[in-house]
Amino acid sequence: MTLYAWGANSYGQLGLGHKSDEELEPKEVPLKNIDLSPQDIVSIAGGAGHVLILDSKGLLYCCGWNSKGQLGLSDDTLKFTPIEILKEFNIVEISCGWDFSAAVSECGKQFVWGNNQYTQLGLSKSITCTGIPSRLQVSQKLATGFKHVSCGLRHMAMITKEGGLVVAGMGGRGQLGLGDNFDDVNGYLSIAKVPDLEEVRSVASGKHHTLALKEDGTLFSWGENRFGQLGMNPGIGLTFIPLEVFQDEGFDRLYAGWTHSAALTKSGEVFSWGRDTYGQLGCEKKRENLFKPEKIPGLSNVRQLSLGSEHNLAVTSDNKLYSWGWNEHGSCGTGNKKDLRIPTQIFKGRNVKLAFACTGSSFAVVD
């Protein structure tokens, strides 16, 4: 198997060994000098200019921009490099914000590193940034451990072992769901629990919005809604508290781009809503109500979905890869910069195991 990368590469985040404004076509990522096999890759996440790779052994690798310590290394790197300090913790999940990173271990420990200017790491306000992955210490009352983490632009949402939701970071657009009783100087506490939200199955953080799915299929959303990304009429500009917007027991997991949102159902269908300027909702015809979750036509049996800032990737059960949305930096992998309004197959004739859409770049593990 081979790891391919394409799209934005201004900071060398694709791991190709060089910097470039864009890579319009998929390029093979060299992994020979590190102990990382493409077939072992289970997850890839990326921020503005950095990327993390997680393998099946629980090991983390990083590449790209390190201005705030978001790599967990002492400097930038143009090739994927192991994060040594996390080797012993068996990491099972990763997520990246604009210039910060988070990881959850098998036993429920959460580690954070990078920019903390907006307390998006959940650490003390006195720590503006850190290049050392630090364990997030919280009271037993708040959480006994963590199951899932999703990073937005400058905020982070975490599902606790108890099924509650804990948030940290910038809340000026309502993206923390904690109400509007705060001021710009002091903000909220470094980390807090979203009230009255339990049995959370999935969470997704966008640029300035957050989505949460309960076990019974109820979808809650909060934050900015300028483009209907909350699943509500854009007349509701924003909300500082979680509002129930949809209920579907078939929903399995939620996803958020900068200003659009999606859900993957248990049967492999994809619903999308929000901004559609670049075709990120995957519908050829202009939809009347972009804020209403609607099934993407012609896309079925999806087993893996990934949203970047404004583009999307989906892998079907027969190992086909589809991309659509914003393509200015070649993030859709078509060899040009034309936006894709409908899911379009790339790597035709090849079996794709996994694919990941990062902020403006993409990766795929291909047989």
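**Figure 1. The surroundings of Val203 in a predicted model.** Leaving out residues up to four places away in sequence, Val203 touches His148, Ser150, Ala157, Ile159, Leu165, Thr210, Leu211, Ala212 and Leu254, where a contact means heavy atoms within 4.5 Å. This is a predicted model, in which local features need pLDDT of at least 70 and side-chain atom pairs count only at pLDDT 80 or more, while totals for chains, interfaces and linings use all residues. Residues are numbered from 1 along each chain as its sequence is written, and side-chain values use heavy atoms, with hydrogens and water left out. Val203 itself sits in strand β15, which covers residues 200-205; helices (H or I, at least four residues) and strands (E, at least two) are DSSP runs, numbered from the N terminus. With a relative accessible area of 2%, Val203 is buried. Here buried means under 20% relative accessible area, exposed means over 50%, and partly exposed lies in between (1.4 Å probe, protein chains only). Look also for Ala256: it is 53 residues from Val203 along the chain, and the two C-alpha atoms are separated by 9.0 Å.

**Figure 2. Gln110 and its contacts.** Gln110 belongs to strand β9, residues 110-115. Its relative accessible area is 1%, so Gln110 counts as buried. Neighbours within four places in sequence aside, Gln110 is in contact with Ala102, Ala103, Val104, Ser134, Arg135, Leu136, Phe146, Val149, Met156 and Met158.

Figure 3. Side chains of opposite charge can pair when their charged atoms come close. In this view Glu215 and Arg201 form a salt bridge, with their closest N and O atoms 3.1 Å apart. The term stands for a side-chain nitrogen of Lys or Arg within 4 Å of a carboxyl oxygen of Asp or Glu. Arg201 lies in strand β15 and Glu215 in the loop between β16 (209-214) and β17 (218-224), so the pair ties together parts that are 14 residues apart in sequence. Glu215 is partly exposed at 44% relative accessibility, and Arg201 is partly exposed at 30%.

Figure 4. The closest N and O atoms of Lys193 and Glu198 are 2.7 Å apart. By the rule used here, the count comes to 13 salt bridges.

Figure 5. Thr119 is not a glycine, yet its phi is positive, at about 55 degrees. You will find Thr119 in the loop between β9 and β10 (129-135), where its relative accessible area of 8% makes it buried. Asp196, also not a glycine, has a positive phi of about 55 degrees. Its place is the loop between β14 (192-193) and β15, and Asp196 is exposed, with a relative accessible area of 78%.

Figure 6. Stepping back, the chain has zero helices and 28 strands. A compact globule of 367 residues would have a radius of gyration near 21 Å, and the 19 Å of this chain agrees with that. The radius is taken over C-alpha atoms, and the globule rule is 2.2 Å times the number of residues to the power 0.38. Along the principal axes, the C-alpha atoms fill a box of roughly 50 × 50 × 30 Å. Of the 367 residues, 59% count as buried. Among contacts with a separation of 6 or more, 51% are between residues 24 or more positions apart.
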